[in-house]
Amino acid sequence: MCCESKRRFLLLYATQKGQAKAIAEEIWQQAGAHGLEADMHCISEMDKYNLETEKDPVVIVISTTGTGDPPDTARKFVKKIQDKTLPPDHFAHLQYGLLGLGDSEYMFFCNGGRTVDRRLQELGAQHFYDTGLADDCVGLELVVDPWIDGLWLALKEALQLQKEKEDMNNAVNAVSSSLSTASHVMHELKLSSEVQNLKLEDEGARGSDNLSQKLDDINLVAPARNTEPSLVHSVPPVSQSALNIPALPPEYIEVEFQGTQGENPHLSSLTSEGATFEVPVTKAVQLTREDAIKTALLLELDIADTAFEYQPGDAFCVICPNNVSEVEKLLHILGFSEKGDDFVCVKVKQGTKKKGASRPQHIPERSTLKFILTWCLEIRAIPKKAFLRALVECTSDAGEKRRLQELCSRQGASDYTRFIRDSNVCLLDLLHAFPSCKPSLSLLIEHLPKLQARSYSVSSSNLYQPGRLCFVFNVVEFPAGPSRPVSRKGVCTGWLAELVAPLLHTSKNSQDTKGESSSTEKISIFLRPNNAFHLPADPSVPFIMVGPGTGIAPFIGFLQHRQKLREQHTDWEFGETWLFFGCRHQDRDYLFKQLQCFLENGTLTHLKVCFSRDSSTAEVSPPKYVQDVLRLCAKEVARVLLKERGYFYICGDKKHMADDVSDAVVDILSMETEADKLEAMKILAMLREAKRYLQDVWN
């Protein structure tokens with residue numbers, strides 16, 4: 001039960017990777033300092049709250065996943081409120097404020113939050129506070145922090161008006177007051193938010209005393225000669241400011257060492273995504289030359305003895321470990337170099353002040369310390385400000401302590417963005433930069449997120465290669481920099497490259513290289529079906545594919561599948577197919593030169609290629625990028641999309657390609673329909689809505 005001296009509000013969160021939950025927990029922690037009590041639940045726990053009868057204000061924090069879907073934890077809730085039989089006044093009694101999390105690099109920004117917000121409005125619910133939409137592309141905190149700051153005043157006003165309404169209703173019942181009084185009360189209930197513009201400026205001391213860190217309490221770093229700030233060094237005004245820092249998150253995990261006897265959990269227990277399959281790697285081919293800027297690999301998996309089923313266009317996830325040497329370094333810093341193989345029991349700390357504390361689902365109750373750091377925790381994750389705040393308490397050097405305080409403070413927001421977020425700093429980088437920081441294992445379990453499985457597009461057809469699954473990826477490289485002392489490879493791509501090194505044989509862009517290896521290396525995978533990015537159900541419908549670099553991967557599966565269908569169904573009518581492919585150099589990273597075979601046998605009708613880094617002696621320079629080639633084929637593209645109602649597929653890099661392709665399509669539609677740009681954008685929006693303009697993109 002809530003303390004009667006504090007006014008209650010309902011706090012719901014819907015999270016995919018833990019960010020929405022962490023923000024909800026921050027709201028819950030701050031509520032007490034404002035004389036409020038947050039009744040916090042995951043939105044999936046519909047047995048613990050009831051919006052149909054909820055009288056108090058509701059605060060919702062919700063993320064977005066995939067291509068604009070609500071998180072998995074919100075699926076049942078969204079399905080329930082989208083029931084078309086619900087009346088338009090179903091939630092007329094409800095007052096709520098919503099904070100949506102998203103990434104503007106993706107097409108449907110904050111669509112999870114927008115979907116819930118829009119539907120609640122349709123069902124009569126009223127905002128007591130403006131909706132906030134936070135962008136992970138530029139930093140969630142730019143909206144989250146001021147949104148939370150403004151929340152308290154809005155909540156108190158909503159609760160006060162609610163109390164006035166209750167008092168007035170009591171008075172009405174007692175003295176049979178006239179309807180005009182009730183009408184006046186209803187007018188008062190039309191609430192508006194006090195926060196109209198979400199800004200970074202600190203407009204006075206709005207935080208409570210326990211959230212402010214005064215200069216008097218801090219040993220300031222001696223001024224340095226260097227006038228440029230860095231990860232470890234600040235300059236005025238930050239270095240001379242009193243700091244507003246987050247409240248210290250309550251500890252809630254304790255770890256007990258239990259010797260070396262036991263067995264680690266199976267990897268399948270680390271995911272709740274459905275069936276997991278351990279499958280052998282049967283082939284590895286390097287598709288790029290050694291002097292290519294990026295190294296692209298093709299791996300083939302044997303799924304013949306499994307129930308793994310997929311369609312061309314689907315994606316699947318690889319369960320991968322953290323880098324062995326990074327785990328060893330972390331064990332050394334924690335002082336557990338000799339205890340990595342010891343079993344530990346992870347449980348909730350008795351007497352913790354954290355509401356609803358429980359052992360994180362991705363952490364086994366009992367396993368070795370090395371297993372947790374290798375398979376369970378994302379040790380490469382960019383530290384959140386709450387984590388930095390907790391690390392302050394583990395740091396002995398006064399100067400390092402002050403800098404960590406700055407980085408998690410309101411005043412140090414731009415430094416956090418520049419030196420932590422944009423620099424992709426991870427825990428190991430921080431511990432290298434702040435050597436007096438010695439966190440406990442329990443702190444890492446509390447603050448590091450789950451090590452996520454990595455998603456890859458299928459690059460094959462089960463019809464064309466029964467019992468086989470292929471995928472293509474670039475080995476990601478992170479160069480060393482001012483905030484990162486060493487270069488690193490991607491967590492999964494680096495591990496896969498090392499795993500298949502013994503059977504890797506360089507191939508000049510031939511997927512059908514002879515000589516399969518009898519490798520016994522296995523990886524664990526699970527399917528992540530794509531509900532839309534599939535071939536048209538009607539084979540007579542034409543389609544266009546745009547996939548530069550490894551973005552071509554799903555289209556190899558498309559073409560293999562189409563070739564097999566053409567062989568099996570000679571009486572079917574097949575629509576024309578277009579492929580636009582680009583890479584840097586024709587002789588170094590033209591990944592699939594056997595595309596010519598698809599062209600020759602009629603599976604592929606039109607193949608358009610371009611090479612962005614090759615020099616040309618022609619009087620008219622050839623197009624460098626796929627969007628340039630698209631513009632050269634404007635009439636044909638418009639014909640396929642508008643006259644023949646064809647499909648348009650894009651796969652690849654979002655930031656540097658997909659947006660440019662989208663702009664090119666708008667230009668084409670505008671030019672070929674003789675419409676203005678706004679009208680062309682509406683046509684493209686309709687194509688998206690009809691699921692005839694489809695994207696499979698990544699950052």
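Buried residues make up 51% of the 699 residues in the protein chain, where buried means under 20% relative accessible area, exposed over 50%, and partly exposed in between (1.4 Å probe, protein chains only). The model is predicted: local features need pLDDT of at least 70, side-chain atom pairs count only at pLDDT 80 or more, and totals for chains, interfaces and linings use all residues. Residues are numbered from 1 along each chain as its sequence is written, and side-chain values use heavy atoms, with hydrogens and water left out.

The secondary structure of the chain comes to 19 helices and 25 strands. Helices (H or I, at least four residues) and strands (E, at least two) are DSSP runs, numbered from the N terminus. Among contacts (heavy atoms within 4.5 Å) between residues at least 6 apart in sequence, 80% join residues at least 24 apart.

Two strands pair if DSSP finds at least two bridges between them. E3 pairs in the parallel sense with strand E1 (residues 7–14) over five bridges; Tyr 13 has Val 61 in E3 as its bridge partner. Five bridges also join E3 to strand E4 (residues 95–102), again running parallel. Here Val 59 stands opposite Gly 97 in E4.

**The sheet E9-E13-E14**

Strands of a sheet pair through backbone hydrogen bonds, either parallel or antiparallel. An open sheet of three strands has the order E9-E13-E14, and its pairing is antiparallel. Its edge strands are E9 (253–257) and E14, each of which pairs on one side only. From one strand to the next, the twist averages 35°. Helix H7 (residues 369–376) packs on this sheet and touches E9, E13 and E14; the direction of H7 makes about 90° with that of E14. Axes are lines fitted to C-alpha atoms, for helices over the stretch in contact, and angles run from 0 to 180 degrees between N-to-C directions.

E9 and E13 pair over five bridges. E13 and E14 are joined by three bridges, with Phe 343 facing its bridge partner Thr 368 in E14.

**Lys 354**

Lys 354 is in the loop between strand E13 (343–348) and strand E14 (366–368). Lys 354 is buried, with a relative accessible area of 13%. Its side chain makes a polar contact with the side chain of Glu 25 at 2.6 Å. A polar contact is a pair of N or O atoms within 3.5 Å; within protein, one must be able to donate a hydrogen and the other to accept it, and residues adjacent in sequence count only if both atoms are side-chain atoms. Leaving aside neighbours within four places in sequence, Lys 354 is in contact with Glu 25, Trp 28, Pro 250 and Tyr 252.

**Aromatic rings**

The structure holds 23 aromatic pairs. Rings of Phe, Tyr and Trp (its six-membered ring) pair if their centres lie within 6.5 Å; planes under 30 degrees apart count as stacked, over 60 as edge-to-face and the rest as tilted. Two of the pairs are tabulated.

| Ring pair | Centre distance | Plane angle | Class |
|---|---|---|---|
| Tyr 456 and Phe 473 | 5.9 Å | 55° | tilted |
| Phe 555 and Phe 558 | 5.7 Å | 70° | edge-to-face |

Tyr 456 lies in strand E15 (residues 454–457) and Phe 473 in strand E16 (residues 468–474), so this pair ties together parts that are 17 residues apart in sequence. Tyr 456 and Phe 473 are buried. Phe 555 and Phe 558 both lie in helix H14 (residues 553–568), three residues apart, about one turn of the helix. Phe 555 and Phe 558 are buried as well. Ring pairs link Phe 533, Phe 543, Phe 555, Phe 558, Tyr 647 and Tyr 649 into a cluster.

Met 545, found in strand E21 (residues 543–546), touches residues including Phe 555, Phe 558 and Tyr 649. At 0% relative accessibility, Met 545 counts as buried. The C-alpha atoms of Met 545 and Phe 648 are separated by 6.1 Å, although these residues are 103 residues apart along the chain.
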